[in-house]
Amino acid sequence: MYGYGYYLDPTYILVIAAFALTLFASMGVKSTFNKYNEVYSSRGITAAEAARRILNANGLQNIRIERVAGELTDHYSPKENVIRLSDSTYNSTSVAAIGVAAHECGHAIQHQVGYVPIKVRNSIVPVVNISNALSMPLFIVGLILGIGSLAMVGALLFGMVFLFQLVTLPTETNASRRAMKTLEDMDLLYGDELKGARKTLTAAAMTYVAAVASTALQFLRLLMLANRRRR
């Protein structure tokens, strides 16, 4: 504050907002998953079994299904041709777990059909990794040395992370749409079970929306701070 030798950077509001968005979305998906993890499929199949059926129905018998430690650590690895389902998902017969497993199958199907956004995302990964590694060191050095142009370069490089998350968002929402259609078409879930799976995947999608918004706020803050140094 003025008069006490201390200046409160107003851009910290953006940091707080970004943190709040991420925290709210994370709490939302965990709460929703826990709720529908207590609602079980009337067919009694596990998430791993559902995933196997979905993959086989789409000609993806070559993709393995493995168990991985943790909760909600489920993911598809195209390089290894494997879907990994977390401890909380693999053997569960809940509609939440089956929805999550179907979502990961959705990513495998995207690769099979050549879904454009996922191809774009994968193509920019090397550039994003380099940009992410260089952005903050350049930004911080630029601020410390008072070189506004260097700080701006760092901020713009961080913008690649924002771009990556923007491209990731449609791949995630599309995987969820594919999952819900498949679960219904293959009669793996019925009626309210489908609603529970959809709510779980919608909550999960909100974490990606929050990530995009959070990164956008961080990007804006870096641009503001770098621009301040250029004056």
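Leu 145 lies in helix H4, which spans residues 116-145; helices (H or I, at least four residues) and strands (E, at least two) are DSSP runs, numbered from the N terminus. Leu 145 counts as exposed because its relative accessibility is 56%, where exposed means over 50%, buried under 20% and partly exposed in between (1.4 Å probe, protein chains only). Together with Met 136, Ile 140, Val 141, Ile 144 and Ile 147, Leu 145 makes a nonpolar surface patch of about 530 Å². Such patches are made of residues with over 30% relative accessible area and no salt bridge, nonpolar side chains being joined within 5 Å; a salt bridge is a side-chain nitrogen of Lys or Arg within 4 Å of a carboxyl oxygen of Asp or Glu.

This is a predicted model, in which local features need pLDDT of at least 70 and side-chain atom pairs pLDDT 80 or more, while totals for chains, interfaces and linings use all residues. Residues are numbered from 1 along each chain as its sequence is written, and side-chain values use heavy atoms, without hydrogens and water.

The protein contains 6 helices and 3 strands, arranged along the sequence as α-α-β-β-β-α-α-α-α. Values for the whole protein follow.

| Property | Value |
|---|---|
| Box of C-alpha atoms along the principal axes | roughly 70 × 35 × 25 Å |
| Buried residues | 42% of the 231 residues |

Among contacts (heavy atoms within 4.5 Å) with a separation of 6 or more, 71% join residues 24 or more positions apart.

Technical notes:
Patch = residues over 30% accessible without salt bridge, like charges linked within 9 Å, V, L, I, M, F, W, Y side chains within 5 Å. Areas by Shrake-Rupley, 256 points an atom, 1.4 Å probe, with all protein chains shown as cover.
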